[in-house]
Amino acid sequence: MDIVLGNYKGLKANIPYIAYTEEDVNSQIATLLSGNPVREQKTGPLAMGDTAVIDYEGFKDGVAFEGGKAEKYPLGIGSGSFIPGFEEQLVGMEIGEDRDINLSFPEQYHAPELAGKAVVFKVKLHEIYNEKEAELNDEFAASLNFPEVQSVEDLKKYINEYLEYQVEARKADVAREKLYDQILESSSCLVPPQAVETAVNMQLQQMAASFAQQGVAMEQYLQMTGKTMDSLKDELKPVAQKQVKLEAVLDEIIRVENITVSDEEMDEQYELISQKYGQPVDVVKQVLPKAQLKPDLLRMKASQLIIDAAEIIMEESGK
């Protein structure tokens, strides 16, 4: 790829004021409290509003049907999670009790073989509990198992450090984009159509994976938005062109500056990825081989060189 590299050192980037507040700290604490409720065990009959831990298996005409079985399943009674009538018929059960639940699937149920059909669920109740929001105290702080957090004071310090890290990362991201725009404007290169097409397809794969996590197929997204695959590709093309040009510019900076990545740095990155996703390093290396990871690390170094050599000017608070 033919490229004429523009200026990438001594640049300036003006960024908006970015900081966190005490309100942000309190919001983080509130999220932790609501996300880690206290579970209170209950004796006596199951009632609306309780959570029941149950085994269940569904039968149609005496034969178990696919997808109708689970063990130790936590079900909020009154949540409407199951088909109408199921949760209501569990009310009054005692721990250890077995009960047959007789009902019919809705006529519009998504599985045609079950729609409108009479079925029996055999249910066993193992546990009943309720949840309430935790209280902010030293015991709660220690229960989170955050490094070196044993008290409320430790927790607030930990959150402050986390938010400070987030702020610095955000500053770097905003500055980096502004610096990239300046470098791209002063640089020139011929972008191969094949590289742009590859970048577009990569974006499509990422979109499809994101939609799949939400239970939405790419075809459904296109129908909902009134787009075609060709129109979506055209929409993604400018971003892909910028990405390809930026990668070419960073690769040229890597060449000019003779930037390298050591084996130790590669191993450190694999360890970080392993910790982030909770997967063994060997598994990470299979999914992300060195030939794929190394270019990313080199470009990260080139990007950091650009930032380190730039003047970042942040607006003052309130402006």
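Biologist: What should I know about the model before we start?

Modeller: The model is predicted, so local features need pLDDT of at least 70 and side-chain atom pairs count only at pLDDT 80 or more, while totals for chains, interfaces and linings use all residues. Residues are numbered from 1 along each chain as its sequence is written, and side-chain values use heavy atoms, with hydrogens and water left out.

Biologist: At what angle do H4 and H7 pack?

Modeller: Helix H4 (residues 152–186) and helix H7 (residues 229–257) pack at about 80°, with their axes 11 Å apart. Helices here are DSSP runs (H or I, at least four residues), numbered from the N terminus, and the axes are lines fitted to C-alpha atoms over the stretch in contact, with angles running from 0 to 180 degrees between N-to-C directions. H4 and H7 are therefore roughly perpendicular to each other, a label for angles of 65 to 115 degrees.

Biologist: Which residues make that contact?

Modeller: From H4 they are Glu 177, Tyr 180, Asp 181, Ile 183 and Leu 184, and from H7 they are Lys 242, Lys 245, Leu 246, Val 249 and Leu 250, where contact means heavy atoms within 4.5 Å.

Biologist: Changing topic, how many salt bridges are there?

Modeller: The count comes to 17 salt bridges, each being a side-chain nitrogen of Lys or Arg within 4 Å of a carboxyl oxygen of Asp or Glu.

Biologist: Which one involves Lys 301?

Modeller: Lys 301 pairs with Glu 265, and their closest N and O atoms are 2.9 Å apart. Lys 301 lies in helix H10 (residues 290–308) and Glu 265 in helix H8 (residues 263–277), so the pair ties together parts that are 36 residues apart in sequence.

Biologist: And how exposed is Lys 301?

Modeller: Lys 301 counts as partly exposed at 31% relative accessibility, and so does Glu 265 at 28%; buried means under 20% relative accessible area, exposed over 50%, and partly exposed in between (1.4 Å probe, protein chains only).

Biologist: Where do Glu 168 and Lys 171 lie?

Modeller: Both lie in helix H4, three residues apart, which is about one turn of the helix, and their side chains meet in a salt bridge at 3.3 Å, N to O.

Note on methods:
Helices (H or I, at least four residues) and strands (E, at least two) are DSSP runs, numbered from the N terminus. Angles under 35 degrees count as roughly parallel, over 145 as roughly antiparallel, 65 to 115 as roughly perpendicular and the rest as oblique.
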